[in-house]
Amino acid sequence: MSSRRVLKGAFYLLGIAAVIAGLIYSPLFTFQQLVVHGNIHLDEAELCEIARIQYGARLFELKTDAMTANLLRDLRIESAVVRRQLPNKIEMDIVERIPVATVACDYGYLDFDRQGKVIASYRSLKGADIPIVTGVKLRDLYIGDDNNNAQVAKVLLFLGKIDPADIGQISEVNITVPSAVVAYTKTALPIRLGELERIPEKAGLTQDFLQDQKTTRHTVEYVDFSYDAPFIKLADKTTEGK
């Protein structure tokens, strides 16, 4: 009696294994579609190449942790989450590294992302799509390295809190005097930041000011966010408060 039960149990397990194997190796469960969220510059073909996956591969043989690790090895990707979506999809949430500032170095210039990672280097200054940090020159840093300058780190934190769509309105952040940091818009309008403390607050004020500049009719001489009560100096008067 017990041997019959053992045989029935064995056949039952074999049946389940056969069904599972049939599902795993079924053409229905093969990778046919990539769904990506958050990518800006990297397209689907590039992401497949970086993740080392190919269309037609068996979905259950693709390891999400391995794909994630492959993506994060690419310097252009800040974070990645990978999921399977039955029956035939891979879904990726991607955050790309976006340059927020250029800083001079001993052999040229470096582009940094908001986390302080060097993501590009070049010998001659290129187009001013992002702010340049002046008053400092970094040494012995190369692509893939992390910033090691405390004052530059504060600038990157500040710029990283400004909307990427607006950051291009800032042409320069001068940190020659750490207690009197000044940012300049592309129209050479000074934004006095003082010491780089209360960074989220000052970044928020700067963001609002950059937005207002798109529609304002007033002529602004400078803005000063270095004090607790920020103010805007117009051509004919001063406006205090937020």
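This is a predicted model: local features need pLDDT of at least 70, side-chain atom pairs count only at pLDDT 80 or more; totals for chains, interfaces and linings use all residues.
I searched the whole structure for salt bridges and got 11. My cut-off for one: a side-chain nitrogen of Lys or Arg within 4 Å of a carboxyl oxygen of Asp or Glu. Residues are numbered from 1 along each chain as its sequence is written, and side-chain values use heavy atoms, with hydrogens and water left out.

Looked up Asp-74. It pairs with Arg-76 in a salt bridge, with 2.9 Å between the closest N and O atoms. Asp-74 is buried at 16% relative accessible area (buried is under 20%, exposed over 50%, partly exposed in between, with a 1.4 Å probe and protein chains only). Arg-76 is partly exposed at 41%.

Next, Lys-117 with Asp-146: a salt bridge, 3.1 Å from N to O. Lys-117 sits in the loop between strands S5 (108–113) and S6 (118–122), and Asp-146 in the loop between strand S7 (132–138) and helix H4 (150–160), so the pair ties together parts 29 residues apart in sequence. I took helices (H or I, at least four residues) and strands (E, at least two) as DSSP runs, numbered from the N terminus. Lys-117 is buried at 17%, while Asp-146 is partly exposed at 44%.

Then Asp-228 and Arg-198, whose side chains form a salt bridge at 3.7 Å, N to O. They are 30 residues apart and link distant parts of the chain. Asp-228 is exposed at 63%; Arg-198 is partly exposed at 26%.
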